[in-house]
Amino acid sequence: MITVKRLPIRTPVGVVALVVAAALGSPLLGIEGKGHGGAPPAFRHPGVLVTQEQLDFVKAKIAAGEAPWSAAFMAAKTFPSDAGGQPPGSLGYMAHTLSASPKTLLDPAVPEGYVLCGSVSDPDVHCTDEKEDGVAAYTQALLWYLSPDGPDKDAYGQAAIGILNAWAPLQDHQGYNAGLQAGWMGTEFARAAEIMQLSPIWQSPDISAFKQMMRRAFVGRLLLVRPGVSQPGDASYGQNGNWILSVADSMIQIGVLLDDHDLFKEGVELWRERTPPYCYLSARDGAHPAVPCQVPPYQGTGSGYSPTATRIADPYGYWGQAGGLSPAQDPAPDAGAGATLPMLFRAPEDGTCQETCRDLDHVQYGLAAMMNGAETARIQGVDLYREQAPRIVACLENAALYLNNAIATGQPKDGSGDSPPYPIPLTKAITLPVTSDLTLCPASNGKSTLTLLGSGSLTTFVVEPTWEIGYNEYANRLGMSMPYTSELVHKFRANPPDKWVRATHHIALEMLTHADVGSVGLEDDAATCGGP
């Protein structure tokens, strides 16, 4: 049973106005699920991000030459790798090998069958190889299913299976980014394998070996980096929301692939725990944003968590990155005696993400992981979307507003006046449009600015290909108003940048698989907002 609670609407000037239309009723509604107990009795296959009915719908649209699916299908065959390797959809794609790597002046020795990923992939031993092959496996699997019978279809199927079999010997992930890499690639490999199980040429022993690898090299690593398991000193301890949401995403996807209800449930529970602290909604959170649970509590500077009373004067804390959010002028309801005004930081706008004051690229990573996990859970009968509908729409709209503004104001362009492909060097921060709080993410001169992406080797700007899943759910299925997201989605459907990367990390080909598919393949009365 779904309990519907009416919530007040908060609409900061120039930011997000949430309007819940026909599916949820005209006022803004908060939907809270009641527990239904137990995971679904049997997982639906294929049921990792896409259903067979959904793929059949898209295949028919491609055959009819309809937009945007036909153009997205053709683009899937040629779009570039974000790392400069083989195009993921190229005919004859060849998987990388998991050979041993000797010790060098900068990198440690890595035995055969292991992936070593440092922070920002430095060191990189098979780290980029795995990211390229994971994206290619899913791309080739989609091209196999969606292509008409013929030699190209056969080649795509062989390539997808070849990649999956090539990675079956993988033993584990190592290095600072081991948990994040497992999150990103676990979801890509799970999607590919779920589709290719439909192929009669992927042999049962190979499928079994691949699934054993997923449990050994992915599940084992993901379980180690969960909040409450990781400890101070671990790379995953106190990590940003995009990291932990990627872990939740991967647990959900792999849980379905392996028919592991316990793993699926853990992923769902982690999604539920980490979504509110990633997206701020005043109607739910009050005067200041939520912070995630962590056992034991992590207090101090860095990207850690601290309770309200001690979350003061920390511009690099969990919410206050890259200069901090504006200090509150009034105490939070639970601030306590230790919160000396005006040093208690809070989020002033609905839709502000935990990483908004870091950069918009990591915000897109976090939202993508959130949507991936919720979409697969919805296929399996658990409606995470509705549980946090107003909150998630606020965050999608907030990020889309600033991305649209960045493109409209001409910063950045690639020199030709075109919208940027991936990557384009970022040369300056983007000044925010007028908002209700002109001190959001202050720059060195105190003015309100927002960075698209601004640190280390990742100083680039791109609108990630991650907007279609969320837009399809909230605008198409639930009828919620999303003007800024709609503007961004339709802008990239109509005129995608030349050489736009359509799949990267855990984000892949959403325009092809989810553009305007509505509820095809879903049983509306089967989902619950409680459970699993």
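Reader: How do the residues lining the largest cavity divide into nonpolar, polar and charged?
Author: This is a predicted model, in which local features need pLDDT of at least 70, side-chain atom pairs count only at pLDDT 80 or more, and totals for chains, interfaces and linings use all residues. A cavity is a set of points, on a 1 Å grid over the protein atoms alone, where a 1.4 Å probe fits but cannot get out, and lining residues have an atom within 4 Å of a point. Ala, Val, Leu, Ile, Met, Phe, Trp, Tyr, Cys and Pro count as nonpolar, Asp, Glu, Lys and Arg as charged, and the others, Gly among them, as polar. The lining of the largest cavity divides into 11 nonpolar, one polar and four charged.

Reader: Which elements give two or more residues to the lining of the largest cavity?
Author: The largest cavity is lined by 16 residues, and nearest its centre lie Pro 465, Thr 466, Glu 468, Trp 500 and Met 511. Helices (H or I, at least four residues) and strands (E, at least two) are DSSP runs, numbered from the N terminus. Two or more lining residues come from helix H14 (483-494) and helix H15 (510-514).

Reader: What is the volume of the largest cavity?
Author: There are four cavities of 30 Å³ or more. Grid points are joined across faces, edges and corners, and a volume is the space filled by probe spheres set on the points. For the largest cavity this gives about 140 Å³.

Reader: Which two cysteines form a disulfide?
Author: Residues are numbered from 1 along each chain as its sequence is written, and side-chain values use heavy atoms, with hydrogens and water left out. A disulfide is a pair of cysteine sulfur atoms within 2.5 Å, and the count comes to one. With sulfur atoms 2.3 Å apart, the pair is Cys 117 and Cys 127.

Reader: How many residues apart in sequence are the parts that the disulfide ties together?
Author: The link of Cys 117 and Cys 127 is right-handed, with 115° about the S-S bond. Cys 117 lies in strand E3 (residues 114-117) and Cys 127 in helix H3 (residues 127-146), so the tied parts are apart in sequence by 10 residues.

Reader: Is Cys 117 buried or exposed?
Author: Buried means under 20% relative accessible area, exposed over 50%, and partly exposed in between (1.4 Å probe, protein chains only). The relative accessible area of Cys 117 is 0%, so Cys 117 is buried.

Reader: Which residues does Gly 267 touch, not counting those up to four places away in sequence?
Author: Gly 267 has its place in helix H8 (residues 261-278), and with a relative accessible area of 0% it is buried. Its C-alpha atom is separated by 4.9 Å from that of Ile 252, 15 residues apart along the chain. Taking contact as heavy atoms within 4.5 Å, Gly 267 touches Ala 248, Met 251 and Ile 252.

Reader: How many of the residues of H12 are buried?
Author: Helix H12 (residues 389-408) reaches 28 Å from its first C-alpha to its last, close to the 28 Å expected at 1.5 Å a residue. The expected span is 1.5 Å times one less than the number of residues. H12 is mostly covered, and of its 20 residues the buried ones number 19.

Reader: In which loop does Leu 49 lie?
Author: Leu 49 has a positive phi of about 75° although it is not a glycine. Leu 49 is buried, with a relative accessible area of 1%. Its place is the loop between E2 and H1.

Technical notes:
1 Å grid on protein atoms, 1.4 Å probe; cavity = no way out; pocket = protein on both sides within 12 Å on 5 of 7 lines; lining within 4 Å.
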